[in-house]
Amino acid sequence: MNSVFDMAGFGFILLGLFFDLVGCLGLVRLPDVYNRLQAATKCVTLGTCSILFGTFLVLGPTAAGLKCLLCIVFVILTAPVAAHAIARGGHRAGIRLWEKSVVDRYAEDKEGEA
Amino acid sequence: MKTLSWLIGAVVVVGLIALIIFVEDEFPSYLGAGKGFVYRAIYILILASVLCLFRVAFGPTAADRIVATDIFGILVVGFCAVVSVATGRSWYIDVGIAWALQSFIGALALSKYLEGKAFDE
């Protein structure tokens, strides 16, 4: 395998590791369900897609590498849908926001409906 | 007290990362250069997974646990990709695709259960 693609792939894997670690740190440190969801979903989706793209660069255009590209498309399509469903379900189940939050548009919309 | 606990947590996380990066270990070298890097990448992903499992264990509400389970599922996909690079076996990526599918469906079902409605509504 070409060495330039190996080095580029390892660089992408390193970037993805950084984003994964920062996302999980935000999952532990932030004060609220919605803040944790925001940080973790964005960072971990970008980090995992970066790791998969680096794996594609290392493996080359073989069957496994093309399956990595397929997996990138799948993760990008499904992770925001799952995050939106969890946030909507949590808000409808009555989980409160952090006490320093300034605005809650979804509660205002639900008051308008009722 | 809060500052002290924050400081202890920061020291533990930074110490674990430094231990992972700077430890000298015997890695198998049957695939050439970059093997030590890939094995350290696996260790860092295991550290991130442990942080996720902390939130699963100590989450105050049910939504915290569901979020952490979903994030853990996405982490395992990257873990499978790195393991596939490390061992040279390509079927780990199939495991990653299947795990992503199951994690997505599980998160949707658990969020509908949290919302308190039937599935066909």
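A residue counts as buried here if 20 or more other C-beta atoms lie within 10 Å of its own. The structure is a predicted model, with an ipTM of 0.87 and a pTM of 0.86. For chain B, the average pLDDT is 83, and 86% of the residues score at least 70.

Back to Gly16(A), which belongs to helix H1 of chain A, residues 3-29. Setting aside residues up to four places away in sequence, Gly16(A) touches Gly47(A), Thr48(A), Ser50(A), Ile51(A) and Gly54(A), plus Gly78(B) from the other chain. Arg92(A) is another matter: 76 residues along the chain from Gly16(A), with 33 Å between the two C-alpha atoms.

Gly65(A), 20 residues from Thr45(A) in sequence, is 19 Å away, C-alpha to C-alpha.

Chain B is built from helices, with 4 of them and 0 strands, so the pattern along the sequence reads α-α-α-α. Of its 121 residues, 30% are buried. Taking contacts in chain B between residues at least 6 apart in sequence, 45% join residues at least 24 apart.

Now for how the chains meet. The contact draws 40 residues from chain B and 41 residues from chain A. On the chain B side, the elements that give two or more residues are helix H2 (35-58), helix H3 (62-87) and helix H4 (91-115). H3(B) supplies the largest share of that side, with 15 residues. Sorted by class, the side of chain B that touches chain A has 26 nonpolar, 8 polar and 6 charged residues.

One helix pair that spans the two chains is H3(A) with H3(B). Their axes come within 10 Å and cross at roughly 175 degrees, which means that H3(A) runs roughly antiparallel to H3(B). From H3(A), the contact uses Ala64(A), Cys68(A), Cys71(A), Val75(A), Ala79(A), Ala82(A), Ile86(A) and Gly90(A); from H3(B), it uses Ala63(B), Ile66(B), Val67(B), Asp70(B), Ile74(B), Val77(B), Ala81(B) and Ser84(B). The tally by class for this contact is 13 nonpolar, 2 polar and 1 charged.

At 1.5 Å a residue, its 30 residues should span 44 Å, and the end C-alpha atoms are 43 Å apart, so the two figures agree. Just after H3(A) comes Gly94(A), with a positive phi of about 90 degrees.

Within chain B, H3(B) has another partner in H4(B). These two helices pack at an angle of about 175 degrees, with axes 8 Å apart, and therefore H3(B) is roughly antiparallel to H4(B). On the H3(B) side the contact includes Ala62(B), Ile66(B), Gly73(B), Val76(B) and Cys80(B), and on the H4(B) side it includes Tyr92(B), Val95(B), Trp99(B), Ala107(B) and Leu114(B). The residues of this contact divide into 17 nonpolar, 5 polar and 1 charged.

The buried residues of H4(B) are Ile93(B), Gly96(B), Ala100(B), Ser103(B), Phe104(B), Ala107(B), Leu110(B), Ser111(B) and Leu114(B). What covers them includes helix H3 of chain A, residues 63-92, together with H3 of chain B. After H4(B) comes Gly116(B), with a positive phi near 85 degrees.

Key: Residues are numbered from 1 along each chain as its sequence is written. Chains are lettered from A and ligands numbered from 1 in the order in which they are written. This is a predicted model: local features need pLDDT of at least 70, side-chain atom pairs count only at pLDDT 80 or more; totals for chains, interfaces and linings use all residues. Two residues are in contact if their C-beta atoms, placed from the backbone, lie within 7 Å. Ala, Val, Leu, Ile, Met, Phe, Trp, Tyr, Cys and Pro count as nonpolar, Asp, Glu, Lys and Arg as charged, and the others, Gly among them, as polar. A residue is buried if 20 or more other C-beta atoms lie within 10 Å of its own, exposed if 12 or fewer, and partly exposed in between; C-beta atoms are placed from the backbone. Axes are lines fitted to C-alpha atoms, for helices over the stretch in contact, and angles run from 0 to 180 degrees between N-to-C directions. Angles under 35 degrees count as roughly parallel, over 145 as roughly antiparallel, 65 to 115 as roughly perpendicular and the rest as oblique. pLDDT is the predictor's confidence in each residue, from 0 to 100. The expected span of a helix is 1.5 Å times one less than its number of residues.
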